[in-house]
Amino acid sequence: MSSPPARIRSVRFKDGLTSAITGLGTNLDPRNSMQYAPSFMTQDMIDAAYRGSGMMRRVIDLPPLDMVREWRNWQAEQDQIKLLEAEERRLDLRGKVRLAETLRGLGGGAFILGLPGAPETPAPANIPAKGLAYIHVVSRYQLTLGPIVEDHTDPAFGGPKHFTLTTTTGQKDIHPSRVVAFRGDAIPLLRMTGWEEQYWGESRVARVYEAVRNSDSAQGHFAALIGKVRNTIIGIPDLAGLLAEPDGEQVLQTRISAMILGESMFNATLRDAGDGTAGAGETIDHRQINWAGIPDIMMAFATFIGAVAGMPATLVIGKSPDGQNATGKGDADNWNATVRARQTLELGPCMDQVDKYLIPSAGVTPTADAEIWSEWAPLSVPSAKEQADTFFATMQAVEKVQATGAIPDEAFAKGFQNLMSEKGWIPGLEGALAELPEDERFGITPDASNDDDPSAIQSKGGDPVSQGTGGASGSDVPLRRAANDALRATGLSDEAIADVMAMIDAGA
């Protein structure tokens, strides 16, 4: 087959919409002059943005605050929980987590764990009570990374072989097992990056920098307009000729001062009406700036910041939603879901490293039968009405499940008691139930004797039969039991009930 002509071979094909008239999609398209470029922010730039912009500080500070606002709940015995919470207070763990998460937003931070042994050696596997002496919070800029671990079979692959802490007293190597790194946003390895940048990731300041700067710039320009809310224009006939006179400038200043003084003192302005000819006198015009639309523009900038930062705009500006499209509840729920995701994906792994030493340092020893762990506390607490509605709906569901008879009574009692304890609907229930014998707690009773219970449904042969002359089939047992219960409710004696039941069995 012969090759196509050179004219055809030179044509380049590409997808997209083009227009020869407007230049859209062609080399004449004005958008071709715009392209994205990665931004690199130095430590000084990050510090200036964080400390110089109140909006930037809010975007960085608010997520860490919400991540520790309700803190966490330990799942352990009551005396163990008290020891663990006391150890957290001793170490000021909650406040230090907030600071470390703030540093994460600024590019990265770390915990230095005060464990037994030399700092440059691996952390011990076991520590005694109070073995975690301290937790220090440092910025990534106080730490220098050692050589990277390049052995892919090493669990520490991709991390540093050691950290070097730099202080005013010198430098000190620290083993990675004694450091908990709060790293910034991960940078996908789509291009070559430096070792430090690759490990610590990118600060959230870099992500929102452009949006925050645009918002601050617009706010500054709008603030400058306040001084010009009312603009006065004074027209003076033959102004150029007046200024040409030797004392013309002095006369003009005196004249303008008198006009302003009269307006400020008497709320009136006197002016030269001229010699009677049209347009010969001075003119004074006042122009008022129209503020309509400016609040909407400022809200639009806040919306852009929220979109980039992953936060509701109402949270960014600290304003409750209003208007017909207000979505306050939805915004709060979405934000709580975002905070919970950060707690799970980012903060959770760091806390696992800390808890490994926090638990024994608190003097608590987990066992195979009783593990110890923590759960993040709910970020929103339902109102009293919501709790009542939930309780009512749950009890209705429980009653329907129990009515099916699909779950044995003992198992149902255990499950229901666990539900009530976990929900905390009856304070002290777990302790009160623990004091009861197991057969009494879960409603376990021995089989009734035929001689004692007129409605007994068990015989020596194991088949449900009646006490009377006639036999009750298995299908009749529930009805017979219901009849017996109804008779007992009337207050009849056992003998009378037995007689009535015998009559029922005989078909009377």
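User: In which helix is Asp 355 found?
Analyst: This is a predicted model, in which local features need pLDDT of at least 70, side-chain atom pairs count only at pLDDT 80 or more, and totals for chains, interfaces and linings use all residues. Residues are numbered from 1 along each chain as its sequence is written, and side-chain values use heavy atoms, with hydrogens and water left out. Helices (H or I, at least four residues) and strands (E, at least two) are DSSP runs, numbered from the N terminus. The helix of residues 328-361 holds Asp 355, and its label is H12.

User: Does Asp 355 count as buried or exposed?
Analyst: Buried means under 20% relative accessible area, exposed over 50%, and partly exposed in between (1.4 Å probe, protein chains only). The relative accessibility of Asp 355 is 10%, so the residue counts as buried.

User: Leaving aside its neighbours within four places in sequence, with which residues is Asp 355 in contact?
Analyst: Contact means heavy atoms within 4.5 Å. With neighbours within four places in sequence left aside, the partners of Asp 355 are Arg 72, Trp 74, Pro 360 and Ser 374.

User: How many helices and strands has the protein chain, and what share of its residues counts as buried?
Analyst: The protein chain has 18 helices and 10 strands. Of its 508 residues, the share that counts as buried is 29%.

User: Which residues does Asp 66 touch, not counting residues up to four places away in sequence?
Analyst: Asp 66 lies in helix H3 and counts as buried because its relative accessibility is 8%. Asp 66 and Val 339 are 273 residues apart in sequence, yet 7.0 Å apart in space, C-alpha to C-alpha. Not counting residues up to four places away in sequence, Asp 66 touches Trp 335, Val 339, Gln 343 and Leu 379.

User: At what angle do helix H3 and H7 pack?
Analyst: Two packed helices are described by the angle between their axes and the distance between the axes. Axes are lines fitted to C-alpha atoms, for helices over the stretch in contact, and angles run from 0 to 180 degrees between N-to-C directions. For H3 (residues 54-69) and H7, the axes are 9 Å apart and the angle is about 145°.

User: How many nonpolar, polar and charged residues does the contact of H3 with H7 have?
Analyst: The contact is made by Met 55, Met 56, Val 59 and Ile 60 of H3, together with Arg 204, Val 205, Val 208, Tyr 209, Val 212, Ser 215 and Asp 216 of H7. Ala, Val, Leu, Ile, Met, Phe, Trp, Tyr, Cys and Pro count as nonpolar, Asp, Glu, Lys and Arg as charged, and the others, Gly among them, as polar. By class, the contact has 8 nonpolar, 1 polar and 2 charged residues.

User: How far apart are the end C-alpha atoms of helix H7, and on which residue is its kink centred?
Analyst: The expected span of a helix is 1.5 Å times one less than its number of residues. The 23 residues of H7 (residues 204-226) should therefore span 33 Å, which agrees with end C-alpha atoms 33 Å apart. The bend at a residue is the angle between axes fitted to the seven residues ending there and the seven starting there. H7 has a kink of about 40°, centred on Glu 210.

User: Leaving aside its neighbours within four places in sequence, with which residues is Ser 215 in contact?
Analyst: Ser 215 is found in helix H7 and counts as buried because its relative accessibility is 4%. Neighbours within four places in sequence aside, Ser 215 is in contact with Met 55, Met 298, Phe 301 and Ile 305.

User: What relative accessible area has Gln 417?
Analyst: The place of Gln 417 is in helix H14 (residues 409-423). Gln 417 and Glu 430 are 13 residues apart in sequence and 8.0 Å apart in space, C-alpha to C-alpha. Gln 417 is buried because its relative accessible area is 11%.

User: What phi has Asp 92, which is not a glycine?
Analyst: Most residues other than glycine have a negative phi, and most peptide bonds are trans. Asp 92 is found in the loop between helix H4 (78-91) and helix H5 (93-105). Although not a glycine, Asp 92 has a positive phi of about 55°.
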